[in-house]
Amino acid sequence: MDDKDKHAYHLFLEDEENGSIVAAVLRILPENISYEDMAIGRVIVKKPYRGQGLSKIMMNKAIDFIIDDLGKKRIRLSGQAYLTEFYEDLGFKKVSDVYLEDGIDHYEFLYEIE
């Protein structure tokens with residue numbers, strides 16, 4: 001947790017068949033917390049649940065919430081470089097040069113509704 005969590009919406013997916021275990025989480029940050037735009041971050045899927053498309057489901061739910069429920073048209077995120085195709089398939093565009101975050105290559109991505 002960090003101070004940003006105090007302002008964030010948290011989306012999580014439970015495995016109800018196995019005692020309501022949290023299988024995946026992400027956070028949605030309002031404008032002017034990480035960026036001037038809304039942001040999605042800290043997408044985490046527990047190891048036993050990886051490879052099932054949960055991160056895509058979670059991202060799509062977050063995007064829908066931001067656009068449909070909050071009425072926003074722009075979403076930014078800092079994504080690991082190796083996931084560029086994943087983010088682009090969701091409709092994000094790479095808007096920065098590569099940079100290091102926690103020793104890992106990242107890009108800034110933008111999702112925008114015109």
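Not counting residues up to four places away in sequence, arginine 27 touches Asp2, Lys4, Asp5, Ala8, Tyr9, His10, Ala39, Ile40, Gly41 and Arg42, where a contact means heavy atoms within 4.5 Å. This is a predicted model, in which local features need pLDDT of at least 70 and side-chain atom pairs count only at pLDDT 80 or more, while totals for chains, interfaces and linings use all residues. Residues are numbered from 1 along each chain as its sequence is written, and side-chain values use heavy atoms, with hydrogens and water left out.

Arginine 27 is found in strand β2, strands being DSSP runs of E with at least two residues and helices being runs of H or I with at least four, both numbered from the N terminus. Arginine 27 counts as buried because its relative accessible area is 6%; buried means under 20%, exposed over 50%, and partly exposed in between, with a 1.4 Å probe and protein chains only. The side chain of arginine 27 makes a polar contact with the side chain of aspartate 5 at 2.9 Å. Such a contact is a pair of N or O atoms within 3.5 Å, of which, within protein, one must be able to donate a hydrogen and the other to accept it, and residues adjacent in sequence count only if both atoms are side-chain atoms.

Seen as a whole, the protein has two helices and seven strands, which follow the pattern β-β-β-α-β-α-β-β-β when read along the sequence. The C-alpha trace spans about 40 × 30 × 30 Å along its principal axes. The radius of gyration of the protein is 14 Å, which agrees with the value near 13 Å that a compact globule of 114 residues would have; this radius is taken over C-alpha atoms, and the globule rule is 2.2 Å times the number of residues to the power 0.38. Of the 114 residues, 32% count as buried, and among contacts between residues at least 6 apart in sequence, 48% join residues at least 24 apart.

The largest nonpolar core has 22 residues, of which Leu26, Ile40, Met59, Ile63, Ile75, Tyr87 and Phe92 touch the most other members; a nonpolar core is a set of buried Ala, Val, Leu, Ile, Met, Phe, Trp, Tyr and Cys residues joined through side-chain atoms within 4.5 Å. The elements that give two or more residues to this core are β2 (21-29), β3 (38-45), α1 (54-69), β4 (74-80) and β7 (104-112), and α1 gives the most, with six residues. In soluble globular proteins, nonpolar side chains tend to be buried together.

Helix α1 has 16 residues and reaches 21 Å from its first C-alpha to its last, close to the 22 Å expected at 1.5 Å a residue, where the expected span is 1.5 Å times one less than the number of residues. Its buried residues are Leu54, Met58, Met59, Ala62, Ile63 and Ile66, and they pack against β1 (9-15), β2, β3, β4, α2 (84-89) and β7. An α-helix has 3.6 residues a turn, so residues three or four places apart point the same way. Just after α1, glycine 71 takes a positive phi of about 70 degrees.

Leucine 26 touches Met58, Met59 and Ala62, among others including Tyr9, Leu11, Ile40 and Val43, not counting residues up to four places away in sequence. Tyrosine 87, found in helix α2, counts as buried because its relative accessibility is 8%. Leaving aside neighbours within four places in sequence, tyrosine 87 is in contact with Met59, Leu77, Gly79, Gln80, Phe92 and Phe109.

The loop between β2 and β3 holds both aspartate 37 and asparagine 32. Aspartate 37 counts as buried because its relative accessibility is 11%, and its side chain makes a polar contact with the side chain of arginine 76 at 2.6 Å. Asparagine 32, which aspartate 37 touches, is exposed, with a relative accessible area of 60%, and its phi is near 65 degrees, a positive value in a residue other than glycine. In the loop between β6 (99-101) and β7 lies aspartate 102, which also has a positive phi, of about 55 degrees, although it is not a glycine; aspartate 102 counts as exposed because its relative accessibility is 74%.
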